[in-house]
Amino acid sequence: MLGFLFAKYRFLDDTLGFLVVALQTIPSIAWLPFAIIWFGMNDFSVIFITTLGATWTMAMSSRTGIMNIPRIYLKAAQTMGTGDGFKMFYQIMVPAAFPHMITGVRVAWAFAWRALVAGELIAKGVGLGQLLQDGRNLADTALMLCIVIIIAVLGTLSDHFCFKRLEDTILVRYGLSTKQK
């Protein structure tokens with residue numbers, strides 16, 4: 001929704017859009033001290049920084065997708081009676097911007113995955129990050145290496161079997177790729 005607002009209103013894009021780009025450049029883990037102060041050292045802090053890791057990237061991908069909708073689509077929809085309101089957004093703009101949004105989801109997933117592991121590493125979450133921290137505390141290099149490999153394998157498998165497949169399917173469906181499975 002934030003991306004839609006940036007695409008629709010130039011003033012918001014020029015002002016708040018700049019702020020979102022600035023926020024996007026801040027590593028998610030930099031927000032962890034704030035999250036710990038605001039929410040305590042618990043899973044909610046990790047969820048907060050994980051969400052931040054994905055939100056700004058997704059907003060900018062949505063903005064790009066909506067701004068790259070061919071104007072002919074919008075004019076054709078208006079000619080056929082679709083107004084400028086919610087119906088235009090839901091029936092025309094979201095489907096037309098969907099390929100960009102799916103790519104944004106894939107990139108946002110990567111940012112969120114890194115933020116999740118980093119947050120667990122520092123905020124005492126229950127997960128791979130905490131296991132990595134335990135390995136460091138025990139000076140167990142083999143455990144740390146195994147955890148890093150597991151993080152890489154899980155991230156790669158999730159990307160390949162979920163997000164990449166979804167992206168490839170959408171790109172083929174929209175005629176933006178001829179890649180068949």
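**Exercise 1. Helix 7 and its end**

Solution. 
1. Buried means under 20% relative accessible area, exposed over 50%, and partly exposed in between (1.4 Å probe, protein chains only). Helices (H or I, at least four residues) are DSSP runs, numbered from the N terminus.
2. This is a predicted model, in which local features need pLDDT of at least 70 and side-chain atom pairs count only at pLDDT 80 or more, while totals for chains, interfaces and linings use all residues. Residues are numbered from 1 along each chain as its sequence is written, and side-chain values use heavy atoms, with hydrogens and water left out.
3. Alanine 139 lies in the loop between helix 7 and helix 8. Its phi is positive, about 55°, although alanine 139 is not a glycine. Most residues other than glycine have a negative phi.
4. Alanine 139 counts as exposed because its relative accessibility is 61%.

**Exercise 2. Aspartate 159**

Task: decide whether aspartate 159 is buried or exposed, and list what aspartate 159 touches.

Solution. 
1. Aspartate 159 is found in helix 8.
2. Its relative accessibility is 18%, so aspartate 159 counts as buried.
3. Leaving out residues up to four places away in sequence, aspartate 159 touches Arg106, Trp109 and Lys164. Contact here means heavy atoms within 4.5 Å.
4. With arginine 106, there is a polar contact between the two side chains, at 2.8 Å. A polar contact is a pair of N or O atoms within 3.5 Å; within protein, one must be able to donate a hydrogen and the other to accept it, and residues adjacent in sequence count only if both atoms are side-chain atoms.

**Exercise 3. Aromatic rings**

Task: count the aromatic pairs and name the residues that ring pairs link into a cluster.

Solution. 
1. Rings of Phe, Tyr and Trp (its six-membered ring) pair if their centres lie within 6.5 Å; planes under 30 degrees apart count as stacked, over 60 as edge-to-face and the rest as tilted.
2. By this rule there are 11 aromatic pairs. One of them, tryptophan 31 with phenylalanine 34, is tilted, at 5.5 Å centre to centre and 50° between the planes.
3. Phenylalanine 34 counts as partly exposed, because its relative accessibility is 40%.
4. The cluster linked by ring pairs holds Trp31, Phe34, Trp38, Phe39, Phe44 and Phe48.

**Exercise 4. The largest pocket**

Task: give the volume of the largest pocket and state which helix gives the most to its lining.

Solution. 
1. On a 1 Å grid over the protein atoms alone, a pocket is an open set of points where a 1.4 Å probe fits, with protein on both sides within 12 Å along at least five of seven lines; lining residues have an atom within 4 Å of a point. Grid points are joined across faces, edges and corners, and a volume is the space filled by probe spheres set on the points.
2. The largest pocket has about 270 Å³. It is lined by 13 residues, and the closest to its centre are Lys8, Arg71, Leu74, Asp84 and Met93.
3. Helix 5 gives the most to this lining, with four residues.

Definitions and conventions
Helix = DSSP H or I, 4+ residues; strand = E, 2+ residues; numbered from the N terminus.
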